[in-house]
Amino acid sequence: MIAIATIWISVLLLGGGFALDRVLTGAITRNFDSSLEYVLIAMIRSSEIGPDGEVRLIDPLGDQRFLEPYSGLYWQISGGSQEPYRSRSLWERTLKAPTPHVDNALHIYDSAQFPEEQLRVLERNVILPGSKINWRFQIAQSREALDLQIRAVRATLIPSLALLGLGLIVLAALQTFYGLWPLRHIRRAIAAMRGGQHRRVVAPLPLEVQPMVDELNALLAHNEKQAEEARLHAGNLAHALKTPLTVLVNSATSEKSELAETVRREAATMQRQVDHHLARARAVGRRGAAQARANVRDSVDSVSRAVALLHPDARLDASGDKTLVARVERQDLDELIGNLLENAAKYGGGSVFVTVQRDGGMAEILVEDDGPGISPVDRVRIFDRGVRLDSGKPGTGLGLAIVRDVAEIYGGSIALEESEDLGGLLVRLRLPAG
């Protein structure tokens with residue numbers, strides 16, 4: 001908007017300035033020519049034909065510059081075969097017409113016949129009483145005074161228009177800036193919603209943008225309703241499948257046939273898929289509550305106690321920021337940390353260390369163990385659902401896939417690295433900080 005206003009103002013001022021320059025310079029030039037025309041008419045009125053047929057002036061022209069050589073003001077009368085009758089200011093020079101012609105009306109033009117000065121020439125052809133010769137009367141004056149006046153006008157006009165253009169552009173910029181200021185309020189309100197401070201745009205805004213805000217709030221409410229319905233549908237579907245799957249697994253477990261083994265294996269796969277998508281549905285539904293907050297250290301300590309009961313041989317320690325808060329539902333944070341700690345206790349060498357720290361706008365949870373670690377090739381494959389690198393221990397191969405999916409739903413990430421202190425695996429979980 002500012003660029004378009006700048007271009008439009010510049011075009012208008014350039015066009016208007018050019019037109020105004022033409023008007024002012026034209027007026028100055030016409031005034032300059034009028035003064036010369038007055039002298040030309042006076043010269044014609046004072047002219048007569050002498051006894052020998054020559055032209056002469058009855059009364060000399062009053063301007064003393066006609067008597068000073070090269071004064072910049074000249075007159076000349078020429079015609080027939082006679083030597084031109086000219087003012088003393090011309091001295092040995094002669095005024096020449098651009099081309100042979102007859103001017104029955106006033107003819108005005110610029111002449112460059114004198115290299116040292118530009119002339120403004122007025123001429124007219126007249127037949128005087130008592131003579132049949134068409135006499136050419138010419139008045140010429142240096143353009144220096146005229147050009148000085150034009151330059152003085154332009155020296156005032158150009159800076160004035162430039163200052164006017166700058167002022168208009170600044171005014172357009174301020175008008176655009178303050179006119180669009182309510183949109184900045186909306187941007188901050190949306191950022192506050194994303195940050196969890198508000199669920200809707202509640203700040204009072206001008207009438208011009210209030211309809212847009214109302215539509216935005218209505219869209220948010222509609223999306224929340226749809227997300228909640230989808231979450232409930234997924235949860236209901238998952239719960240509806242869990243009971244039949246449990247019956248199938250129990251029935252297949254009591255049989256020893258090949259069909260029973262196939263049913264048991266495929267039912268376990270289906271159970272993993274149901275658990276996975278149920279966890280995602282819960283996370284997506286709870287993500288809509290932008291006010292979700294959870295203290296990371298409290299969750300780590302709580303989950304550590306539970307994991308210690310399941311794996312009494314493992315030693316779990318934690319350190320770091322005790323006040324760090326993540327923008328995650330506490331239940332989902334417990335599930336994320338629980339999966340990581342349980343894997344570390346199960347597959348590590350017995351020592352698990354958790355570090356909680358802030359990295360910019362993210363909350364980092366580092367889980368290290370002293371186990372054999374994971375090769376760089378397997379660090380990518382391990383996130384696939386159902387993949388287990390150690391099939392000798394019980395599990396579904398679903399934990400890290402759930403952690404990755406839930407973390408990404410909340411805008412976080414997970415990465416596997418090598419622990420420098422314990423020598424095993426280091427899991428770096430990053431979640432948005434509160």
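The structure is a predicted model, and the mean pLDDT of the protein is 84, with 91% of its residues reaching 70 or more.

- The buried residues of H6 are Val 296, Arg 297, Ser 299, Val 300, Val 303, Ser 304 and Val 307.
- Arg 305 and Leu 309 are exposed residues on the face of H6 turned away from its buried side.
- The buried residues of H6 pack against several elements, among them strand E9 (315–320), helix H7 (330–347) and strand E11 (351–359).

**The sheet of five strands**
- An open sheet is formed by 5 strands in the order E4-E3-E7-E6-E5, and their pairing is antiparallel. Strand E4 (85–86) and strand E5 (107–111) each have a single partner strand and stand at the edges, so one side of each is left without a neighbour in the sheet.
- Strand E6 (residues 119–127) and strand E7 (residues 134–142) run antiparallel and are joined by 9 bridges, and Leu 122 stands opposite Ile 139 in E7.
- Helix H1 lies across strand E3 (73–78), E5, E6 and E7, and runs at about 140° to E7.

**Confidence along the chain**
- Confidence is highest in helix H1 (residues 2–45), at a mean of 94, and lowest in helix H5 (residues 258–287), at 69.
- The pLDDT is below 50 over residues 391–397, a stretch that has 16 contacts in the model beyond near neighbours in sequence.

How values were computed:
Residues numbered from 1 in each chain as written. Predicted model: local features only at pLDDT ≥ 70, side-chain atom pairs only at ≥ 80, totals over all residues. Heavy atoms only, no water. pLDDT = per-residue confidence, 0-100. Helix = DSSP H or I, 4+ residues; strand = E, 2+ residues; numbered from the N terminus. Contact = heavy atoms within 4.5 Å. Pairing = 2+ DSSP bridges. Axes fitted to C-alpha atoms, helices over the stretch in contact; angles between N-to-C directions. Buried < 20%, exposed > 50% of the residue type's maximum accessible area, 1.4 Å probe, protein only.
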